[in-house]
Amino acid sequence: MSKTVAEIVVDALEKAGAKRVYGIPGDTINHFTNAVAKSDLRWVGVRHEEAGAFAAGGESYMTGELSVCAGTCGPGSLHFVNGIYESHRNGAPVLLIASDVARTEKGFDFPQEVEQKKIYEQHSHFCEYISHPSQARRIVTKAAQAALTKKGVAVVIVNGDMFTEKDEDAMDWQVYRPQPVCRPNDAEMAELAALVDAAGKVSVYAGIGARDAREEIMALCEKLKAPMVHTTRAKEFLEPDNPFNVGVNGILGNRAGVDALENADLVISLGCDFAYTQYYPDGKKIVQIDIDPTHLGRRSAIHLGLVGDAKSTVAALLPMVAAKSSGDHLEAHQKQWQDDLEGYQKQGKESDPGLIHPQFVANMLDGKAADDAIFVSDAGTSMVWMLRHIEATGKRRFLNTLLHGTMASGMPQAMGMKLAYPDRQVIAMCGDGSLTMLMGELLTLVQEKIPLKLVVFHNDTFGFVEMEQRVEGLVDHYTGLHNPDFAKLAEACGISGWHVENADTLEPAMDAWLRHDGPALLDVKVNQMELVMPPKIEASQVAGTALFGVKAVLDGRTREVVDLLRNNFLR
C-alpha cells in the first residue's frame, strides 16, 4: 500500500528515535503536521521558530538522541537559523524539516520563496531536497544518521506539494550509529611517551572531547602528578570528585586553572578546542590530541599533534610512561584551587541586606537545587555565575552558549530539556536582556504545560557588554534596559512568579519557587554595577576601568563610579 511523503517522513523520524517536533504550523507543512498528529511524535508549538530550534537543540544536547524542528517556507524557515547554528556548533543532533514553495512555483520569485539549501548547508552536516517520492525515507534516514554520528544539524528540504505525493516505500533504509576506536600509531605513541618522560612538570588540559575519558585522565594525572584543567563545556563530566581538577582556563576561569598551564613544562591537550589563543601558555611544549585532524594547531602553536579519541589514547599511553616522583607542581595548584573556591564562596556572602550580588543568588541556588538538577544559562553574566558558583556533582548537567554566544538561548533550550526529562529539576538562569528577546515563550510554557524553573538576574542592563565597554576605558552606551516586573509579567501569562529586591527575602522566595509544581519564575533585582573579574587582573584592565571612572565623572555620572567601588572593591 502506497504512503504519502508526509507519512513516510514522519515514520522515518520515529524510527530514527525522534520523540518531539518543535515548530509553528503553516501552509507548506500542513500535510506534514497532519501526519505528525496521527503518529506518536509530539508536536510542541512554540511562539517563535528560533525558540523551536533552541528547544530541539537543548533536548538533543542532553539526550544525545535526535530531535526535530519544522517550519514553513520563507520567513518561517529563516527564523530557525540562529537556533540551528547554535545546535550545530554545540554538537546537538537536530533535524530540521525546512519546507519550500510548490515545485510549480519554484524559480519565479514566488512570495516567500527562498533558497533554503544555500542558507542551511553552511551550518549542517547534511542538507538535501527530497526530489522524488521514492527518496523520502532514504533522505530522512541518511539525514538522521549524519546528525547522530557527526553530532550536529541535518536539514531536509521538502516542497509543500511533495508532501502529498505517494510512494510504495519498499526499501528498508535504517540509521547506523557505529562507535569506532581511534588512537595514534605506535611510533607516534612512543614520541608522545618520550615527551612526557622528559618533562618535569606536566599539566593536562581536557575539553568536552574527553568527556568519556574521565577515569583514564585521572589515572594519568595520578601517575604524572599532573593537575587537570578543564574547559567550561567539560565541567559536568570532568570536575566532580576529581582530586586532580584545578578548575578552568580563560577569562571565565580561575587562577589555579590559568597558572597550571602557564607553569607546566608540557601541556597535554585532550579533546580541547578552546578558542582564545591568549590563554594558551607561551613558550611551552603543547601536545594536542583530537579526533578531528583539522583542530590540530588551529588555536595555538603546538609541538606535537596526534589524532585519536581521548579514552583510547590515554589508555594506551598509561603503561608507556614512567611515574613522576615530585608532587610539588600538583600540590601548588591544588592549594590555589581551594583558595579560588573559597573566594567564590566569599563573593557570594551578602553583608548588605539592601543589595543583592548575583553571586549570592547563584550560591544559594547551588545549595538548594537538586543533586541531579539540569542548569542552562543565557549568554552574558548569568553564564559566569553558573560556571563559577554552581557545583558539578556528577549527576548535574549544564549547558550554555559558549560556542555561538547567542542571546536568548537559555529558556528555550531548557524547555526541550524539561520535556525530555520531566522528572528532573530543570533551571534556566536567565539574563533580563536575553529573556526579553524571546519572552513570548513564557506562553509556550503554559500552553505546553512545561514546569520549567526560571531565575532572572535582573540588572536592567546588558551586563557583559557594559563590562566590556568599561574594561576598554569607555563610558558605557546603549546598554540600559527598561524592564517590567518579570514576576507580574509571568503571572499575566499564567506562570507563578516571585519578585525579590533585598537579600533578606531571597531565601523564602527561592524555596517557594523551587517547590512549585508548575512553571515558575523568580525575578531577582541584582547589583547592576557588578564586575566579572578575570582570573588574573591585567594592568590594562585596571587602567581601563580607572579611565572609565574619569570619563564617567566628567560625563556627570559620579554616582556610578561610587557604586562601582562600593559594590565590587569595598565589600
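**Note on loops, sheets and helix packing**

1. Asp-109 is exposed, with a relative accessible area of 68%, where exposed means over 50% relative accessible area, buried under 20% and partly exposed in between, computed with a 1.4 Å probe on protein chains only. This is a predicted model, in which local features need pLDDT of at least 70 and side-chain atom pairs count only at pLDDT 80 or more, whereas totals for chains, interfaces and linings use all residues. Residues are numbered from 1 along each chain as its sequence is written, and side-chain values use heavy atoms, with hydrogens and water left out.

2. Most residues other than glycine have a negative phi. Asp-109 lies in the loop between strand 5 (94–100) and helix 6 (116–120); helices (H or I, at least four residues) and strands (E, at least two) are DSSP runs, numbered from the N terminus. That loop between strand 5 and helix 6 also holds Gln-112, a residue other than glycine whose phi is positive as well, near 75°. Gln-112 is partly exposed, with a relative accessible area of 40%.

3. Ser-39 is placed in the loop between helix 2 (30–37) and strand 3 (42–45), and it is buried, with a relative accessible area of 18%. Its side chain reaches the backbone nitrogen of Leu-41 at 3.1 Å; a polar contact is a pair of N or O atoms within 3.5 Å, of which, within protein, one must be able to donate a hydrogen and the other to accept it, and residues adjacent in sequence count only if both atoms are side-chain atoms. Leaving aside residues up to four places away in sequence, Ser-39 touches Val-10 and Glu-14, contact meaning heavy atoms within 4.5 Å.

4. Six strands form an open sheet in the order 3-2-4-5-7-6, with parallel pairing, two strands being paired if DSSP finds at least two bridges between them. Strand 3 and strand 6 (126–129) are the edge strands, each pairing on one side only, and the twist averages 20° from one strand to the next. Within this sheet, strand 4 (residues 67–71) and strand 5 run parallel and are joined by five bridges, with Val-68 opposite Leu-95 in strand 5.

5. Helix 3 (residues 49–63) lies across strand 2 (20–23), strand 4 and strand 5, at about 170° to strand 4. Helix 16 (residues 410–420) lies across strand 2 and strand 3, at about 155° to strand 2.

6. Strand 13 (residues 285–290) is mostly covered, five of its six residues being buried. It pairs in the parallel sense with strand 12 (residues 266–270) over five bridges, and Val-267 stands opposite Ile-286 in strand 13. Strand 13 also pairs with strand 14 (residues 304–307), again in the parallel sense, over four bridges, and here Asp-290 has Val-307 in strand 14 as its bridge partner.

7. Which residues of helix 11 are buried? They are Ala-256, Gly-257, Val-258, Asp-259, Ala-260 and Leu-261, so that six of the eight residues of helix 11 (residues 255–262) are buried. These buried residues pack against strand 9 (202–206), strand 10 (228–230), strand 11 (245–248), strand 12 and helix 13 (328–347).

Definitions and conventions. Axes fitted to C-alpha atoms, helices over the stretch in contact; angles between N-to-C directions.
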